[in-house]
Amino acid sequence: MLSRLQPRLGYAAGFLVCAAMIGFALYLQHVQGQEPCPLCILQRVTWLALGGIFLVAAVHGPARAGAMVYGGLLFVAAGIGMGIAGRHVWLQHLPKDQVPACGPDLDFMLRQFPLSETLQKVLSGSGECAETGWTFLGLSIAGWSLLWFVLIGAFVVFLTMRALTRARGS
């Protein structure tokens, strides 16, 4: 079935996965009361960026060169997401005595510091990012996000190769 997947439908499917990830994050926040930490917010931004690129690619339906550009952008965005989620998972697995102290929230940091300094502070982590909260099948929200970023990254490689093969055969 995947071998017959049209690239445009693949991009649309990628968009739907990203929309589902954002939808579930909003459900956890607004229904389950799980407030996002700064690393969670950065992961959401990455899911939004991925979803936006997938949506534009689905509407555009690119040929060979466009598929390479979209594939590159999507793979970089998925890689950034993997890095952020991986850092988050690492913080969650630190021994209690090594967990950094809680810092100010993201809104405060964005108002008080330049963006580069804010990103540096967020990526260094804080105590609130080390809390696990919701889990399913032994994985935290960050763990699931990391898994889905890896799956999306692999799907992007498959989709790009598929688009290039189809374009070569045309």
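Which residues does L50 touch, not counting residues up to four places away in sequence? The list for L50 runs to C18, L74, A77, A78, F149 and I152, where contact means heavy atoms within 4.5 Å. The model behind this list is a predicted one, in which local features need pLDDT of at least 70 and side-chain atom pairs count only at pLDDT 80 or more, while totals for chains, interfaces and linings use all residues. Residues are numbered from 1 along each chain as its sequence is written, and side-chain values use heavy atoms, with hydrogens and water left out.

Now for the overall layout. The protein chain has 7 helices and 2 strands; these are DSSP runs numbered from the N terminus, with helices being H or I of at least four residues and strands being E of at least two. Along the sequence the order is α-α-α-α-α-α-β-β-α. Of the 170 residues in the protein chain, 38% count as buried. Buried means under 20% relative accessible area, exposed means over 50%, and partly exposed is in between (1.4 Å probe, protein chains only). Among contacts in the protein chain with a separation of 6 or more, 83% come from residues 24 or more positions apart.

Back to the inside of the protein. A nonpolar core is a set of buried Ala, Val, Leu, Ile, Met, Phe, Trp, Tyr and Cys residues joined through side-chain atoms within 4.5 Å. The largest such core holds 20 residues, and Y11, W47, L50, F54, L74 and I152 touch the most other members. Helices α1 (7-30), α2 (38-60), α3 (64-92) and α7 (141-169) each bring at least two residues to this core. Apart from this core lies another one, of 7 residues, including L39, L42, I84 and L91.

Y11 belongs to helix α1 and is buried, with a relative accessible area of 2%. Leaving aside residues up to four places away in sequence, Y11 touches F54, A57, A58, P62, A67, Y70, L74 and L159. Y11 and L159 are 148 residues apart in sequence, yet their C-alpha atoms are 8.0 Å apart in space.

Then there are the aromatic rings. A pair of aromatic rings is described by the distance of the centres and the angle of the planes. Here, rings of Phe, Tyr and Trp (its six-membered ring) pair if their centres lie within 6.5 Å; planes under 30 degrees apart count as stacked, over 60 as edge-to-face and the rest as tilted. By this rule the count comes to 4 aromatic pairs. W47 and F149 make a stacked pair, at 4.1 Å centre to centre and 10 degrees between the planes. W47 sits in helix α2 and F149 in helix α7, so this pair ties together parts that are 102 residues apart in sequence. Both W47 and F149 are buried.

Two other spots also bring separated residues into view. H88, in helix α3, is buried at a relative accessible area of 2%. G61 is in the loop between α2 and α3 and counts as partly exposed at 32% relative accessibility. G61 and R8 lie 53 residues apart in sequence and 5.3 Å apart in space, C-alpha to C-alpha.

The protein chain exposes about 9600 Å², and carbon and sulfur atoms supply 68% of it; accessible areas come from the Shrake-Rupley method with a 1.4 Å probe, and for residues only the protein chains shown count as cover. W148, in helix α7, is partly exposed, with a relative accessible area of 32%.
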